[in-house]
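Subject: Structure for your review

Dear colleague,

Please find the structure below, followed by an account of what was found in it. I would be grateful if you could read the two side by side.

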Amino acid sequence: MGDVDTAPDAASRAREADAPRNSLVARLGADRPLKLDAGVELAPFQIAYKTYGRLNAERSNAVLICHALTGDHHVASVNPVTGKPGWWETMIGPGKPIDIERYFIICPNVLGGCMGTSGPASTNPKTGQPWGLEFPVITIRDMVRAQAMLLDELKIDTLFAVAGGSMGGMQVLQWAASFPKRVFSALPIACATRHSAQNIAFHEVGRQAVMADPEWRHGRYFAEDASPRRGLAVARMGAHITYLSDAALHRKFGRKFQDRENPTFSFDADFEVESYLRHQGSSFVERFDANSYLYLTRAMDYFDLGADCDGVIANAFRGAETRFCVVSFTSDWLFPTSESRAIVHALNASGARVSFAEIVTDKGHDAFLLEEPELFAIVRGFLDGAAKARGLKNGK
Amino acid sequence: MLSRLKRDLTMAEAARAPGGARVDLLLVADMVVPGSKVLDIGAGDGELLRILGEQRGVDGRGIELSREGVNECVAKGLAVIQGDADTDLADYPDDAFDYVILSQTLQATRRPRVVLEHMLRIGRNAVVSFPNFGHWKIRLQLAFGGHMPRTDNLPYSWWDSPNIHFCTIKDFVVLCDVAGAKMDRAVAFNAWGTPLRFNAPWWFWNLFGEQAVFLLSRRG
């Protein structure tokens, strides 16, 4: 992992956490605390977000995009940290399935994140130091509560749609359960009503990798001018495998050697797949905070929609008038189709209006971020139908 | 499988009304009170749900077995999920719908009786349309040809047919009795989509009706 050894730029990441570039920031003062599931209040706090398109006069065309574990709010424009295009530009843009000429897109950085919304990398107003492990442990429901407060700030009562994949999909489900009246349509993609034991196990391996790095310093690496880059990179490498599939890895890399004809009989990255993973790990640590990774994985682990209503998930959606479109991918083994089917069963049992499509692909869990024409057709069709029902006008 | 049957029905140029919609679907739609809540089992490419939505203002949901059919329906903005009539109806609560429709699908289910009983439990009404295996053309093929019948509507060889539970109109009436269904309306129509005389006797329907549509409700 040679390139992981470059000097950490902790200061610049800390700056991004407090004063994010190319972002809007909503600051909620001490008078409006965020009540957390952990039983404590967070105040003051801030939410970084991006918007695209225009809010109509009726304020009825807002679409909230919830990002995944390591995503951010730069969903449809260049990411100021990486310089790369927005993570869902295939889906969101002029004339795209989530059409910014028709809808007003809001994408906030998630609570606990490291790109401008309050999280462990942000400055604790009480100490003037980064929160680190002093930051309260948060849940998916806390993230959604924070987003609802942002919408109050923006004076948007009802969302036309909430969409997201993976951890974003969990937030979508939580939105529909917590604020059914504020969600006209919901698009949970590649997610589940609870995090499985296997997924918690994978997360624990990732967290242990971070915490085993001596540079982690019990979460105080900012103050001690250290950075657990190796630990975080290993966590990312492990997690990244779960986002792909055996077939996709084999198609992409097979057993091909990296820039060499023969094995070196060493522990160099002989195989292309090793080199690829190392690159994934090292580029991730350039843009992500290790403590944020701990907090967000924890929030996913705690997610269990059924537990909030005596184990009957259907009760979470009782009486919901929200229109749902659930999507899964055949090769996704992190959030397999069976999990989406459980969502659909619960929605059916509660009488909700639900569509469900499974898309054939070998790209694994990450398929929701990639070029999947069938996914685009389904999202477009679902939103068109919902827009008709909502009385939204077509484009410009 | 179910959608394959429906596609073939379409390809066989099943009788069409002037507007282009299939007559059997229009007859099914005709039995549904406007504005009601409907579940279409075996939604195929969503044609019936589209008709119900556009012409009857129905709040429609669908189940379809084939992935292609489902994805086509969802892309059209219809509320359709991937599922199997034989296994997934058990997940629906009682009285969830005003009508549960099984259009050209009964003969492809593994347990038609259980499916019909679920339909009557989930919906206050059930609408079932099916090809009549007692039609004279079919009887002739079996009686004089000595082979399993094949028609424009039922074009499969016996070994690759999705249709595993054929019945005649007479047989279906027996199933209704066994499953506790009350027959509120019935229509049989010939190959050109013309409904047979309303007051014709059952044997006449059973012989000359190529397809039948029944509106059922729970008895008692």
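**Contact between the chains**

In this predicted model, 16 residues of chain B are in contact with 20 residues of chain A, where contact requires C-beta atoms, placed from the backbone, within 7 Å. On the chain B side, α4 (67–75) and β3 (79–82) each supply at least two residues; the largest share, 5 residues, comes from α4(B). Helices (H or I, at least four residues) and strands (E, at least two) are DSSP runs, numbered from the N terminus. This side of chain B divides into 9 nonpolar, 3 polar and 4 charged residues. Here Ala, Val, Leu, Ile, Met, Phe, Trp, Tyr, Cys and Pro count as nonpolar, Asp, Glu, Lys and Arg as charged, and the others, Gly among them, as polar.

Helix α11 (residues 373–390) of chain A packs with α4(B) at an angle of about 45°, their axes being 7 Å apart. Axes are lines fitted to C-alpha atoms, for helices over the stretch in contact, and angles run from 0 to 180 degrees between N-to-C directions. The angle makes α11(A) oblique to α4(B), since angles under 35 degrees count as roughly parallel, over 145 as roughly antiparallel, 65 to 115 as roughly perpendicular and the rest as oblique. From α11(A), E374(A), A377(A), I378(A), G381(A) and F382(A) meet N71(B), V74(B) and A75(B) of α4(B).

**Domains and core**

Chain A is divided into domain 1 (2–195 + 308–390) and domain 2 (200–297), with bounds from an automatic or database domain assignment. Their C-alpha centres lie 25 Å apart, and the contact takes 33 residues from domain 1 of chain A and 29 residues from domain 2 of chain A.

The largest nonpolar core has 173 residues. Such a core is a set of buried Ala, Val, Leu, Ile, Met, Phe, Trp, Tyr and Cys residues joined through C-beta atoms within 7 Å; buried means 20 or more other C-beta atoms within 10 Å, exposed 12 or fewer, and partly exposed in between. Among the members that touch the most others are I105(A) and V74(B). Both domains of chain A give residues to this core, so it lies between them.

**Conventions**

Residues are numbered from 1 along each chain as its sequence is written, and chains are lettered from A and ligands numbered from 1 in the order in which they are written. Because the model is predicted, local features need pLDDT of at least 70 and side-chain atom pairs count only at pLDDT 80 or more, while totals for chains, interfaces and linings use all residues.

With kind regards

Key. Contact = placed C-beta atoms within 7 Å.
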